[in-house]
Amino acid sequence: MNKILILTITLFGIVFSGCSTKQPMPNTTKMEDLSLKKDRDYIAVVSKKNELHIVDSKTQKLYKTCKLAGHYSTAGLIMSPDGNTAYVLQDAWGAVYGYDMNTCENTFSAKFSSKEKKIKARSVMSFNINNDGKELYTVSNPVKLHSDSYEVMDPIFSIYKTDAGVNASPIKSFKAPRQITMLSTAKDGTIFAIGANLYKIDPHAGKIEIAADLRHWKRENYSVPDMLALWPVGKNSNEFLIMYIAAKFKDASQNPDTADYVWGAVRTDLETNNIEISDFAPLETVMFTGMTHPNDSNLLYGVLTDLTKFDRKEQKVIKRVDLDHSYYCINFSTDGSKLYLGAALNKIAIYDPETLEKLNTIVLPEGDVGIGTMQVFRSK
Amino acid sequence: MGLFKPLNPKADLLNKSIKEGTQKEVMAMQSIVGCTSTFDPGWEVDAFGGVAGLCQPMEADLYGCSDPCWWPTQIPDIMSNSKWSQNSPSAMKDWKQLTSTYPIEE
């Protein structure tokens with residue numbers, strides 16, 4: 001009796017509601033499965049919820065979110081040259097993971113520590129990809145955990161094949177200088193590394209040399225430069241740029257009271273490997289990242305609590321605007337038409353690089369991005 | 001170094017090492033790139049051997065400064081205490097949930 005009643009109600013329901021049993025199925029494509037559109041800029045950041053957010057620069061909206069496999073740590077982020085793979089520094093800076101941007105799948109990992117050898121190793125944003133995307137380079141800092149003491153070992157430069165899958169082993173490793181905090185790949189395959197000096201690395205020959213003295217630079221009447229290099233951006237301007245603050249003394253007495261304090265930049269052109277070390281402005285405000293315009297390397301933009309546009313040759317401020325809060329990381333669209341500010345809370349601010357007018361703010365899902373890297377990349 | 005006066009025993013050791021010509025041994029210990037991140041604590045200096053790169057109290061950005069550790073005041077760093085802020089992804093909303101850290105029980 002009950003079965004007949006249920007069948008009757010169901011049939012009546014279909015008839016009177018006008019519903020068809022052949023209704024199209026709802027679109028079941030999951031957000032993480034969305035493919036990137038070709039020849040379009042995307043913005044990538046990693047949040048404290050261990051999620052990688054991809055923002056579409058055209059709609060200026062969140063396009064997709066990938067749940068990451070490793071554990072969150074303030075994320076260094078490097079995109080493969082074709083924009084299809086994101087490499088993220090995770091596990092308390094103990095590993096680099098690779099993720100397919102079209103499927104969110106974890107396709108690669110390189111872990112620096114070894115439980116068997118009782119070695120704990122970390123990397124401070126020191127990783128990058130070669131120009132065809134087939135090799136990943138890292139510098140890690142290992143410590144041997146003895147039962148009663150820690151033994152600081154030599155830092156290691158390692159080369160991994162990016163198609164080696166998860167838990168990849170390096171194909172080559174050699175000793176690296178201490179205190180490396182970022183790597184960048186030049187057009188000819190040279191790796192530049194920033195630490196106490198600017199280093200030039202031939203990865204396959206295992207050869208490292210100082211490309212420019214920094215801690216012991218020989219600039220007359222200058223103090224040692226103070227630098228903070230944690231954001232591996234600059235690819236869209238084809239540069240590896242690290243800003244410095246230094247005291248410029250009046251004479252050899254090095255009196256700090258009469259010194260001028262200046263901002264300057266160590267800029268390596270990744271096309272030519274030419275290195276420039278030059279001041280670009282008086283020290284007036286604090287900045288954490290800077291980048292030159294992709295179409296005019298004389299224009300430098302720096303950010304923290306304000307956004308400032310500098311004329312490097314004239315060593316002067318062109319324009320400065322206050323920001324609604326701190327932003328640690330600056331980056332440009334690939335064509336230089338938009339300036340993005342990120343690495344703070346869960347926001348990305350968009351500015352016009354010509355006028356420094358604010359164009360928009362993109363609010364991401366909950367989860368701060370800390371001081372992680374914000375990359376702008378083009379999907380090819 | 002003549003412009004600086006050591007304020008703690010480790011700084012005093014550094015001062016003595018300069019006089020004794022053993023400064024390089026001390027510098028070797030300064031292989032920080034993040035203090036607890038490489039388990040080489042003690043020399044609270046930044047990557048360039050100074051303090052200007054350290055987060056200062058006026059830059060009290062909880063997550064910006066706790067995460068990579070260059071932090072000279074009493075705040076946990078998630079390199080050593082990875083779970084400290086894992087349930088508090090939003091500093092503005094969740095800061096009240098942040099508490100002390102305790103020894104990890106294996």
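**Exercise 1. Characterise the salt bridge between B:Lys16 and B:Asp12.**

Solution. The side chains of B:Lys16 and B:Asp12 meet in a salt bridge, with N to O at 3.5 Å; the term requires a side-chain nitrogen of Lys or Arg within 4 Å of a carboxyl oxygen of Asp or Glu. The model is predicted: local features need pLDDT of at least 70, side-chain atom pairs count only at pLDDT 80 or more, and totals for chains, interfaces and linings use all residues. Residues are numbered from 1 along each chain as its sequence is written, chains are lettered from A and ligands numbered from 1 in the order in which they are written, and side-chain values use heavy atoms, leaving out hydrogens and water.

Helices (H or I, at least four residues) and strands (E, at least two) are DSSP runs, numbered from the N terminus.

Last, accessibility. B:Lys16 is partly exposed at 43%, and B:Asp12 is partly exposed at 31%. Buried means under 20% relative accessible area, exposed over 50%, and partly exposed in between (1.4 Å probe, protein chains only).

**Exercise 2. Which strands do the salt bridges A:Arg40 with A:Asp56 and A:Glu51 with A:Lys67 connect?**

Solution. In the A:Arg40 and A:Asp56 bridge, the closest N and O atoms are 2.7 Å apart. A:Arg40 belongs to strand 1 (residues 40-47) of chain A and A:Asp56 to strand 2 (residues 51-56) of chain A, 16 residues apart. A:Arg40 is buried at 16%, as is A:Asp56 at 1%.

A:Glu51 and A:Lys67 form a salt bridge at 2.7 Å, N to O. A:Glu51 is in strand 2 of chain A and A:Lys67 in strand 3 (residues 61-67) of chain A, so the pair ties together parts 16 residues apart in sequence. A:Glu51 is buried at 8%, whereas A:Lys67 is exposed at 61%.

**Exercise 3. Describe the surroundings of A:Trp217 and A:Tyr222.**

Solution. The whole structure holds 15 aromatic pairs over all chains. The ring centres of A:Trp217 and A:Tyr222 are 5.9 Å apart and the planes stand at 75°, so this pair is edge-to-face. Rings of Phe, Tyr and Trp (its six-membered ring) pair if their centres lie within 6.5 Å; planes under 30 degrees apart count as stacked, over 60 as edge-to-face and the rest as tilted. Both residues are buried.
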